[in-house]
Amino acid sequence: MKIAITGKGGVGKTTFSSMLSRMFADDGYRVVAVDADPDANLGLALGFPKEVYDSIVPISEMKKLVSERTAAETGTFNKMFKLNPKVDDIPKNYCKEYNGVRLLTLGTVDSGGSGCVCPEHVLLKRLCSHLILQNKDVVVMDMEAGIEHLGRGTAQGVDAFIVVVEPGERSLQTYRKVKSLGKDIGVKQVFVVGNKIRNKEDKEFIMSNLEDGEALGFIYYNQDVIDSDRSNKSPYDTSQETREQIEAIKNKLMGLSVSCN
Ligand SMILES: Nc1ncnc2c1ncn2[C@@H]1O[C@H](COP(=O)(O)OP(=O)(O)O)[C@@H](O)[C@H]1O
Ligand SMILES: [Mg+2]
């Protein structure tokens, strides 16, 4: 199962990604949670102790690794370097594990404008492709709304592209943007999870903006989730109700993937 989670900043991507990852881990799956958002904080939501979290170095900042694998200096643009660097050992050697979830933090790439090819970008793209197409574990990717780490082939290997939205026009606009970006790289279907729902109207508002079959489920606004963020705990450990709502979403996902295969 390969799951990519996107959406506007602040909608709850990291909260959802962390809880889903921990749930799969508790079910006995081997899970790699990928932090692919430049605003990386998935480790905190996964409940990593601060000293472990603080010790995380994103892959894109591992200069020695990047130059070793691509045979190029980091920070160089459009020079000669390997376009298919070795990455298959990276998940095993560079993940941090806690609560049964292995976390891989990708980091940001200053791409110097679109169309640019730099060693860091090539390595991350290749790594994402490996995680989605070759790695046997459950992979949950916490992404920003941009989905440029995923090339066409990789995107087609994703079992579920999930856009998290909240009951507001701005996050729905991001959903439409992701959908159109997704189409460009061959994504057939995106799913939507509505988060921070307070009432029936919130749900209906979101539903009225979606196409049939797109809604995977809803997560209610929950003070426990906010409190867990404030006290640096994993919402998975503190928010039973939210956990149940996410469980229902996970079960629906699993059902969909069975019926597709
Ligand atoms: N269902 C929810 N109920 C209440 N607060 C939530 C819920 N989901 C997320 N939040 C809060 O919203 C904020 C943004 O969530 P986060 O997961 O970091 O979003 P993103 O990763 O999309 O930027 C956090 O403070 C988080 O605790
Ligand atoms: Mg986030």
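**A walk across the sheet**

Good morning. I begin at one bridge: E97 has R102, in strand 4, as its bridge partner. Please keep in mind throughout that this is a predicted model.

That bridge belongs to a pairing between strand 3 and strand 4, residues 101–105; the two strands run antiparallel and share 3 bridges. Where does this pair sit in the wider arrangement? The sheet is open and has 8 strands, ordered 3-4-2-5-1-6-7-8, and its pairing is mixed. Strand 3, residues 96–98, and strand 8 are at the edges; each has a single partner strand, so one side of each lacks a neighbour in the sheet. From one strand to the next, the twist averages 20 degrees.

Let us now move to the other end of that order. Strand 6, residues 160–165, pairs with strand 7 in the parallel sense, over 5 bridges. Within this region, F161 stands opposite V190 of strand 7. To get from strand 6 to strand 7, the chain passes through helix 8, residues 169–184, and this β-α-β crossover is right-handed.

As a general point, nonpolar side chains in soluble globular proteins tend to be buried together. In this model the largest nonpolar core has 67 residues, and those touching the most other members are I5, A33, V34, V139, V140, M141 and I162. Which helix gives the most to this core? Helix 6, residues 119–133, does, with 7 residues.

Finally, helix 6 itself. Of its 15 residues, 13 are buried, so the helix is largely enclosed by the rest of the structure. Its length can also be checked: at 1.5 Å a residue, the 15 residues of helix 6 should span 21 Å, and the end C-alpha atoms are 21 Å apart, which agrees.

Thank you for your attention.

How values were computed. Residues numbered from 1 in each chain as written. Chains lettered and ligands numbered in written order. Predicted model: local features only at pLDDT ≥ 70, side-chain atom pairs only at ≥ 80, totals over all residues. Core = buried A, V, L, I, M, F, W, Y, C linked by C-beta atoms within 7 Å. Buried ≥ 20, exposed ≤ 12 C-beta atoms within 10 Å, placed from the backbone. Helix = DSSP H or I, 4+ residues; strand = E, 2+ residues; numbered from the N terminus. Pairing = 2+ DSSP bridges. Right-handed = clockwise from strand over helix to strand, strands pointing away. Expected span 1.5 Å × (residues − 1). Axes fitted to C-alpha atoms, helices over the stretch in contact; angles between N-to-C directions.
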